[in-house]
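Here is a short report on a sheet and on charged side-chain pairs. Keep the sequence and the structure at hand while reading.

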Amino acid sequence: MHIESESSFDVVVVGGGIAGCCAAIEAARAGASVCLASASGVFSGSSFYPGTWGLGLVGPRDAADIDDMVETILHVGRGAANAALVDSFVRGIPEAIAALEAMGVFLKRPANPNEPQYIPCFDHSLRMWRGLERASMERGFGRALCEGGVVRFDGCELLDITMDGGCARGALFFDRSVKRFRAVSCGAIVLAGGGVAGLYKRSLSASGNSATVQAIAAPQPGARLVNLEFMQVMPGLVAPRRNIVFNEKAFRFARAWDASGEPIARDVLEARSEHGPFSCERAGAPLDFAMEACGDEGMEIACEVGDGSPEFVRTFSEWLERECGVSASAPARIAAYAHASNGGIAIDEHGSCGVPGLFAAGECTGGMHGADRIGGLASANALVFGRRAGVAAAKFAREFVGECAGGGANARSETPSFASVGTLALGCGFDVGSCRDSDAERIATKSDSRNGRCAGGSRFRSRCGSVSFEVEERAYPASGAALRELRETMSTHCMISRDAEGLKTAANVISALQERVGEAAYAPAASFGSESEPASELMSASGLAPSSSSDAASIAATMRIRLQLETASATVAAMLARKESRGSHYRSDAAR
């Protein structure tokens, strides 16, 4: 299947969470034409996971607090975090918060900021805490994306990138809505596709988090993966509702029982209330071991939250009842969920992956966190490095375009298809009337209901040629079953308790799955097109070889599971290689 690029951008951003949105906004502000592609659409990813009662953001209280916060992150990271990257990260948080507020995003401030419950997970001191609200973020990000002329490819998942002269020059997507492959050429790519929680059966992660960008980046010369063994495991509800984050602060006001019906000791519950994710180095770890022993049914727990409870706990209980219809005081069950990655694609302070033209930001990256991660730093990471990666990608693309702008056989110019003002309002979630006149004047009126949701003035520049992809028309009919087996395997052997025997079993299962998927047969030839969409028009629009759209979906599913297996294989290898227990990585067979 030969697929030629159908459009061209300065910067392609992959991922619709905080990091992806920030990267797209800053790249556009730097003058780049930008495409923002996301499998689940914009305002997705773990940042906007609906089962999270609240999204916190922490940073240094003031300039005098910076050094202590850096030292604390390195201490909590237990030697696995990059010191220079951590220092640069913390110093960038205040600027990132200021930029967020300048975008019109409302940040909640605690009424009682000195309550000890506001000390972040694994921290020892109160920091500057801000609460992020989804509705406000959608409005602020939506307006900024539209003002920047960012073209949205909603429902498009990245399956491959192409290199030219050692530089990232194009991306291959599968458009889930119409079951077509789409290729674009570009000057730079920013990966912001999330962590590896999607590889597990129980996951507090968005549905679009497929854990594929790690496998796409890793084989490129200069790129590497770091700290994949450090993954946060969180308690979450399995009854009376599932897939909802449990507020660890409520453990202090709860009673819980192990698998045999014995009550969990009060001192363990008190200790476990100090951090959300599991850590083998904290006194609350026995609760996690007991919870894991309860299996899929979960651990029985009962909370007693009243008017006298701390603000942090009351906020959770009110949200739980209002949004989920669950009383915090009602009997419930909790189980271990894969939550967020502390490691991933190694980046520098500008978001570079070590590959010219390839950048990354957000949860798919590593180096700024270690064995454990201070609560609220995931959001800060997405903001700081999302913005930096967008700026750096735009700069790289601009320099690349400048080299090619003199003309020649490979130089070309692109004109985008723009959305109408009506489509813009629909895509961004606010009324047309809320746009300033100057905004509306910059919006082109040529409508393309499929391609772009939001677009501004003509930003496209000359490019160095188109790109093409050769996709084997191989389809593995049991891709869904393979993913279920992978998730079951990862959940059995790679959650809280890990040992060499179980990890080797997981590695063998993954290897066998890779072998089976690798033997996938060529997709059968089929009629292409219909009376409403003739084959010639479909082929012209998508670049597909003459096979059915259902075949295209099967081929995409096969490519996806191959990438997921590669990411899973790297994750298990990292867990096997670290034979000690450290932070979120617990080896039950480690020497004591």
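## The E580 pair

E580 counts as partly exposed because its relative accessibility is 31%. This value, like the others here, comes from a predicted model. The side chain of E580 meets that of R582 in a salt bridge, 2.4 Å from N to O. R582 is buried, at a relative accessible area of 16%.

Elsewhere, salt bridges with shared partners form one network. It joins R61, D65, D68, D123 and R127.

## Other salt bridges

The whole structure holds 30 salt bridges. One of them pairs R152 with D154. Their closest N and O atoms are 2.7 Å apart. Both R152 and D154 are buried.

R255 and E304 also meet through their side chains in a salt bridge, at 3.7 Å from N to O. This pair links distant parts of the chain, 49 residues apart. R255 lies in strand 14, and E304 lies in the loop between strand 15 (299-303) and helix 8 (311-324). R255 has 43% relative accessibility, so it counts as partly exposed. E304 has 54%, so it counts as exposed.

Strand 12 (residues 231-239) runs antiparallel to strand 13, and two bridges join them. G236 stands opposite V245 in strand 13.

Conventions:
Residues numbered from 1 in each chain as written. Predicted model: local features only at pLDDT ≥ 70, side-chain atom pairs only at ≥ 80, totals over all residues. Heavy atoms only, no water. Pairing = 2+ DSSP bridges. Helix = DSSP H or I, 4+ residues; strand = E, 2+ residues; numbered from the N terminus. Salt bridge = Lys/Arg side-chain N within 4 Å of Asp/Glu carboxyl O. Buried < 20%, exposed > 50% of the residue type's maximum accessible area, 1.4 Å probe, protein only.
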